[in-house]
Amino acid sequence: MQPITNHSPIHLQPLPPYNFARTVTASRFLYVLGSAEGAAYRRVLRVDGQLVLIECRSTGSVDQPAVTAAPLAATGPVSVEGLRESVARLLNIGADVRPFYAVARHDPALWRVVGPLYGLHTLRADSVFESVALTIIEQQIALKAAQAGERWLCAWGGAHITHAGATYVAFPTAAQIAAATVDDLTPLKITFRRMQVLIDVAQVAADLEALRNESAADLYTALVKLKGVGHWTAAWAVTRAFGQ
């Protein structure tokens, strides 16, 4: 895998307040994908049908945020527009939390909790399917066990980029999981019923992805109509997909 040289770093300006370090630290509770390496955050994204390893760094402050994302390696050529869109979505740069902070500041009890977390955001999943699949795996199971299963699933899918001696994985495609059997997914160590729900959702992933440009409410409504997907799963999937 050779470093890609046809793209300059992408410069993004999230809406303030945006605490990059705090957001990256917290992201490990939502995703096994991505890794913090010093002040940088690395993640493999799918862009234009290719895998791209990006490295993000804060170049601003919490109240005047700026993030630079550098593509380090890729499996093939990708467009600048596609790369910028994917990185901006991952970093959730358009989320406006200012109205919430305005309310929280006027509630002393709430601000005691919120104040120390000032600038915290949530990263977004690379696809709607990824957001739903991760949440299905985590239903009624300890997070540590769920994330062990998610790491296994990424290894099973086999999509990865090796760069400078380190390997960075991507989430399997919906097509891979749609073609799997419950027996294939047994090492996930979730119930057989949830494995089947995961496969069923993968088979309609294209329809779900089409809702990315609609509202969070539209995605929630579509999800709760699926057999095996209830309120908790739909709500957490929307959080991951839309960063809300």
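**Figure 1. Threonine 233 in the predicted model is buried, with a relative accessible area of 3%.** The model shown in this and the following views is a prediction. Threonine 233 belongs to helix 12 (residues 231–242). Apart from neighbours within four places in sequence, threonine 233 is in contact with Thr135, Ile136 and Gln139.

**Figure 2. Aromatic pair of tyrosine 101 and tryptophan 111.** Five aromatic pairs are found in a search of the whole structure. Tyrosine 101 counts as buried because its relative accessibility is 7%, whereas tryptophan 111, at 23%, counts as partly exposed. Ring pairs also join Tyr101 and Trp111 with Phe100 and Tyr118 in a cluster.

**Figure 3. Stacked rings of tryptophan 152 and tryptophan 156.** The ring centres of tryptophan 152 and tryptophan 156 are 6.1 Å apart and the planes are at 25 degrees, so the pair is stacked. Both residues sit in helix 6 (residues 143–157); because they are four residues apart, about one helical turn separates them. Tryptophan 152 counts as partly exposed, at 24% relative accessibility. Tryptophan 156 is partly exposed as well, with a relative accessible area of 31%.

**Figure 4. Arginine 240 over the face of tyrosine 31.** The distance from arginine 240 to the ring centre of tyrosine 31 is 5.6 Å.

**Figure 5. The largest nonpolar core, which holds 63 residues.** The members that touch the most other members are Val87, Leu91, Phe129, Phe171, Ile177, Leu185 and Leu219. Helix 5 (residues 128–137) gives the most to this core, contributing seven residues. Leaving out residues up to four places away in sequence, isoleucine 177 touches Phe129, Leu153, Trp156, Phe171, Pro172, Leu185, Leu198, Ile199 and Ala202. A second core, separate and made of nine residues, has among its members Leu72, Ala159, Ile161 and Ala170. In soluble globular proteins, nonpolar side chains tend to be buried together.

**Figure 6. Antiparallel pairing of strand 4 with strand 3 and with strand 5.** Strand 3 (residues 40–47) and strand 4 (residues 50–58) run antiparallel and are joined by eight bridges. In this pairing, valine 44 stands opposite leucine 53 in strand 4. The hairpin of strand 3 and strand 4 has two residues between the strands, and aspartate 48 there takes a positive phi near 50 degrees. Strand 4 is also joined to strand 5 (residues 67–74) by seven bridges, and these two strands run antiparallel. Here serine 58 stands opposite valine 67 in strand 5.

Technical notes. Residues are numbered from 1 along each chain as its sequence is written. This is a predicted model: local features need pLDDT of at least 70, side-chain atom pairs count only at pLDDT 80 or more; totals for chains, interfaces and linings use all residues. Side-chain values use heavy atoms; hydrogens and water are left out. Rings of Phe, Tyr and Trp (its six-membered ring) pair if their centres lie within 6.5 Å; planes under 30 degrees apart count as stacked, over 60 as edge-to-face and the rest as tilted. Buried means under 20% relative accessible area, exposed over 50%, partly exposed in between (1.4 Å probe, protein chains only). A charge sits over a ring if NZ of Lys or CZ of Arg is within 6 Å of the ring centre and within 35 degrees of the ring normal. A nonpolar core is a set of buried Ala, Val, Leu, Ile, Met, Phe, Trp, Tyr and Cys residues joined through side-chain atoms within 4.5 Å. Contact means heavy atoms within 4.5 Å. Two strands pair if DSSP finds at least two bridges between them.
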